[in-house]
Structure formats: structure tokens, C-alpha cells
Amino acid sequence: MLETFYAMIKEFRYLPLQILLCIILGIYLQQHIALWKFGFIKLYISLGISTIALYIFSKLKSKLLFILTTALTCILIGVSSIYTYYSKNYSNYYKKHDKKNSTIILELRKELKPNFYNYRFIANVKSIDNKETIGRTLINISKNNKQITELLIGNYIITQSEFKEINQPKNPYDFNYKNYLILKDIESQLFLKENNFKFIRNKKKSFTILLLRFKKKIQKLLQPHFSKDVYGIINSLLLGERKEVSKELLSDYVNAGAIHILAISGLHIGILVLLLNYLFYPINHIKYGRPIRLTLVLSILWLFAFITGLSASVVRATTMFSFIVIGKFINQKQPIENSLISSMLLLLLCKPVFLFDIGFQLSYLAVISIIKLQPLLYKICKPKYIVLDKIWQLTTVSITAQIGVLPLSLYYFHQFPSLFLISNLVIVPCLGLLLLFGILIIILALLKSLPEFLASFYELIINLMNEVVTWIAMQEAFILKGIRVSSLEMLFYYFIIIFSYHFIRNKSVKTFLFTLSFVICLQVSFISNKNKYDSKRELIIFHKNKVSLIGKRTSNTLEVYNTKTQRELKKEKCLVNYNLNENIDSMKSIDSKRLIELKNNVALIIDSLGVYPKKFPENSIVVLQYSPKLNLNRLIKALQPQQIIADGSNYKSYIERWKQTCKKQKTPFHSTKQNGAYILKY
């Protein structure tokens, strides 16, 4: 048993890896349980004390105390990195100075994809009432606004609008946009109309602003040459922005297992590095050729990163491969593994919230899996012909990358595109040419010398790629959907992969027993979850604007009281999310009822007719839907309900009036518009 662990621990001997793991622990603890709440001065004093203790214990040669102090110091570094990242921890954070009717000056920093009603931007809050502040906010500007054409990134907006909280998800398991924005250091939003803000040009232009405007210029130059769908792919593939890709095409790439192609990631930068190394290989034969080649490769990599606007995914991938290129240049014993660890360490120190970014997690897991598993898989077969060998290499890379990211992908996305191998074998070999041609097209567009035949040829290639992806996505029988994996099960899957890898390498019986033990743990988790879900009984009043959706869950069956058909209900996002995460096997559409019987009470449904019985069981609830015209005071006195719920089908004015009435009558009131879905366990 000890030998098995020793074989695994050998990989943890690299000092930066040990530091990295402690820093990750510090970041995780601070993010999830707010380990540190005592301000910057005490934090830096603590760091100073731990560093001094570290020095003392190193001189005293006390190994145990030295190890513990090192771990504590690194954890504190992780805590301090994320504590420093969030603006809310600073004294000049804008929310600490915001008052009613304050004059706010904002600097536009990033344009987001507009929604149905508003153009959307991320902005820095520069000052409030002439006091310099820090922090970021989300801006929603009405599409009716005529000033929108002047809103360039880097310019200022002056307003006296009030900051609004970002809403929590209204239904269970909906995407939590509030938490997503918090990771981007955004905790509020502003809604601006034509008459409540003023636009001011910013004459001073920082490097970041110039870079963003340069990217915007490239987009404007490229757009006239390509159709909408092709431009969306180019914008994503070369400039790192997916907002122009249509929902249908994006869904096709997801279902085909090729979504990674649309986000500049390790795959793109890795292919670019291979191509550059191949192109510059002859330079090795001249004096100082190797350092010249290194400089050229790194320069072009970072030039590409700058052209794409230094988006988070590009910076991550470019940093990772820069370390790998440098590691190979200095002939490290394990250049790729050590470079990965070092690049991750640097990235997390600079921006600790990368740790919670799905792209960051998938990128590193894919690369680590390829490094460890691909050589083992490649040994199974060694084709004699070069073409077959290259295809086999690509196949093994695709399979091992998929093995590495599969548990995490199932945890986040709940589906497995079984035809991923076909899409990768068809598209990935062309990706290098797409990138090189794309960079050439960008350069020619900037020089205003882009030939129409070249743009047409590039469009033809991308259209062919889109058609292949769409065809693969249409093979729905091969897309395994609705796979639920809990966080604990995901960890068990990774332990099985790790111990299986070590078993294949050392053929140890003990390693096999460890693998088997985690398989058993996984099965126990499945059984435990099944028992938990089988015993569940609950009534759910979902939130949906202008529509009433009421579900009665009994074990693994959900009865939905609504006039919609079964097929229509299967498209309702809130129901899809609930069914997936709650292991619902069957869903039945049932015509709306006046009374829904529960175990110890009853739910009375009052619709637009406003009709209700004179007698009503105690400890029961009333659900108001479709804005019934009724005297709520009289209803409360007659029925004495335990709870009154108003769903999203009611008028906002009615909900406010009912809320005030319930407050006076001291009757609990729940509005799904304000408080989200109501869940009653029975």
C-alpha cells in the first residue's frame, strides 16, 4: 500500500506543485467560506509573521515545523491573492460611497451581447460625487437610445441612476448569473434610458483601451467581407468573442463535441506553436539559432494574443504554452509537466478566480490527460505508414483529452457527444490552416488590401466546417443527454482514472484494489442518491413570466399542472433543469386543477375567475395565478391559509397590493417574481 502511494507521491516532489496546491487551497477557502475578513493590514502582518517563522524554522532545521509553516504561508498567499482581487475589500469601493441621487462617472470597458431590450456593457465606476472609486458594474442601455452610436469603449458616462442588485435565479438549478458576475468582480447593475445619462469622450487613451479599440477596428474591417454565420465563427476563432455566433450554430458545435474549437484555447495555441516550430526549424542551423527561434515563436504567440484583445482564455493558453516552449528550450527533465504547473501558479497569483473558470479547468485537465495517457494509448498500435500514424496520433490525443475532461464535462454540461472523435479528426487537422489563413486575412484587412477571392475561399472553408458540424449534431441518437453527475461522483471518477493509470503502468495488485474501492464508492453514491430521490415529495410553484407552472413531485415522477402539451413542457428550461438535476424519470402534463392534494394539507389554486370554496382545510396554501380579481382580506378571514403564493402569471401591481394586504393580516406571502420558485416539501 505504501509503495503505491509512494509511486503517486513522487509526482508531487516538484516544489512549485506543492506551492500551487497550497495556494489553490487558500483561494478555495477564501472564496467559499471567507476565511479572511480582517482587512489588508492584518493580512500582510500575518504574511510577514509566517515568512519570518519560515526563515527561523529553516535555520533551526526543524523539518516538520518548516513544512507546516511553508504550507501555512502558501495558503495565506492564496487567501491574499483572492482577497486583493475583489474591489469590495477596499475602502474606496464604489458601493461604500453610493448615496441616493449621487453623480456617478463610469468608464466603458467591455461590450457584451445585447439582450432583447438593452445594449449591455461592463464599466468601471471611476467616481461618485467627485470621490475616486474602484469597482465594476453592469450597464443596461435601452435600445431606443440614440446616443448608442457614440458609446465607444474607453469613453465616459455620467448618470444619477441607482445601482440595482443582480437577481438570483428564479428557479431551482437555473444558471446563476449573479455568481458568474461576482467572479468577474461585478455586484450590481445600472439601467440607463435616454434622459438619465450623459456621454463624454475620453481623450486619454490607456494601452488596454487602445487594444480593445484595435480589436473593434479589426471586427469592423472583417464584417463586410463575410456572411453573418461565417463572421461569427471568425470572430470566435480568431478574436476570442463568441457573442456573434447564432444560438443554433453554437448548439450544433456543442452537440458535435466541437465547442472547444470556437474558443481560443490551448488547442489553438498548441497548433500555432507546432506550426511556428516547424516553420522556424531551419533557423536552428545558424549561429544563436535556438534563442532566435524561441524569441520569434514567443513574439508571434503574444502578438496573436494582443490581436485577439488579450481575452482570459487567450492569456491562459498563451501563458501555458510560453512556459512549455521555454521549458523545452532550457531542457527541463519534465518540461511540459513543470511548465504547466509553473504557468498555472503564475496565472492564479495574477487572477485567482481563474480557478473557478470552466475553460481554465478543462484546458489544464485536457493537457495533463494527454501528457499522461496518450503515450500509453499510442503504444497499443504503431502503424507503418506515416499518414496512418498521424491519424492514430490525432485519434489518441482526442481520446485521452476526452478522458481527462469527461467527468468535469458531465458535471457541468450533462451530455456526452459520442461522435466527438469524428468532429476532431475532420476539423482539428484543418485548424492550423484556418488560424494561419485567419492571421493573414486580419493583416490584409488592416492594410485594406484583402482580396475578395481570399475572403471567399476562407468563407467556403468555414461553411464546409459548419456543414460538417451541423451534420454530426443532427445525429441525435449518438448524443447522450441528461447525464447527471454530482460533485462527489465526479471526484470518484477522477480517482478511478488516476489509479487505473497507475495500475496500467506498474501492474500492481494494490493499485487495482484502490481502483476497485473507488468503483465501489461510486456505486454506493449512485444507490444513496437513488434512495434520496425516490423518497422525495414536494410541490413546486415555478417562476415564469405570464405563465403558471405548478409541479407535484412524487418520487421520480413530476406532474405538471398546465394547459401545455407534453412536447411543449419538455422545452421549458426550468422543467428541463429540474428534471435533470432531480433524476426525474417521467413528466406528465395534467390539466389545471382547483385543488392539489398533498400529504397533510391542500394547495388551492385560484385563477383569473377568482372563485374559491367557503371551507378550506387548516395549514393549507393558496396559489394565485393569472391576476384574479378578489378581495384578499375577505379570503384570508374566510380560509385562514398557512401561506399565499403569487406566481409569475400575475400583474406586478396586483402582487404589490397582495403583499401589503398579507403584511397587515400577518399572513406569509411569497411572490415568485421577487423571491423565486416556491418549494413545499410534504
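E538 is buried, with a relative accessible area of 2%. Buried means under 20% relative accessible area, exposed means over 50%, and partly exposed lies in between (1.4 Å probe, protein chains only). The model is predicted: local features need pLDDT of at least 70 and side-chain atom pairs need 80 or more, while totals for chains, interfaces and linings use all residues. Residues are numbered from 1 along each chain as its sequence is written, and side-chain values use heavy atoms, without hydrogens or water.

**Exercise 1. Count the salt bridges of the whole structure, then examine E111 with K216.**

Solution. 
Step 1: the search finds twelve salt bridges.
Step 2: between E111 and K216, the closest N and O atoms are 2.6 Å apart.
Step 3: E111 sits in strand β1 (residues 104-112) and K216 in helix α6 (residues 207-222), so this pair ties together parts 105 residues apart in sequence.
Step 4: E111 is partly exposed, at 27% relative accessibility. K216 is partly exposed too, at 30%.

**Exercise 2. Which parts of the chain does the pair E572 and K544 tie together?**

Solution. 
Step 1: confirm the bridge. The two side chains, E572 and K544, meet at 3.3 Å, N to O.
Step 2: locate the loops. E572 is in the loop between α19 (566-569) and α20, and K544 is in the loop between β11 and β12 (549-554), so the bridge ties together parts 28 residues apart.
Step 3: classify each end. E572 is buried, at 8% relative accessibility. K544 is partly exposed, with a relative accessible area of 27%.
Step 4: turn to a network elsewhere.

**Exercise 3. Count the disulfides and check C74.**

Solution. 
Step 1: recall the bond. A disulfide is a covalent bond between the sulfur atoms of two cysteines.
Step 2: apply the cut-off. Two cysteine sulfur atoms must lie within 2.5 Å. By that rule the count is zero.
Step 3: C74 is in no disulfide, and the nearest cysteine sulfur belongs to C22, 5.2 Å away.
Step 4: C74 is buried, at 7% relative accessibility. C662 is buried as well, at 1%.

**Exercise 4. Which residues form the positive surface patch, and which make the nonpolar one?**

Solution. 
Step 1: set the rule. Patch residues have over 30% relative accessible area and no salt bridge; like charges are joined within 9 Å, and nonpolar side chains (Val, Leu, Ile, Met, Phe, Trp, Tyr) within 5 Å. Areas come from the Shrake-Rupley method with a 1.4 Å probe; for residues, only the protein chains shown count as cover.
Step 2: Lys and Arg count as positive, Asp and Glu as negative; His and chain ends are not counted. Each charge is placed at NZ of Lys, CZ of Arg, CG of Asp or CD of Glu.
Step 3: list the positive patch. K113, K228, K247 and K573 form it. K573 lies in helix α20 (residues 573-581) and is exposed, at 61%.
Step 4: list the nonpolar patch. V509, F512, L513, L516, I520 and V524 make a patch of about 550 Å². I520 lies in helix α18 (residues 509-534) and is partly exposed, at 44%.

**Exercise 5. Where do D129 and Y173, both with positive phi, lie?**

Solution. 
Step 1: D129 is a residue other than glycine, with phi near 50°. D129 is in the loop between β2 (118-128) and β3 (131-132).
Step 2: Y173, also not a glycine, has phi near 70°. Y173 is in the loop between β6 (164-165) and α5 (177-182).
Step 3: D129 is partly exposed, at 37%. Y173 is partly exposed, at 39%.

Technical notes:
A salt bridge is a side-chain nitrogen of Lys or Arg within 4 Å of a carboxyl oxygen of Asp or Glu. Helices (H or I, at least four residues) and strands (E, at least two) are DSSP runs, numbered from the N terminus.
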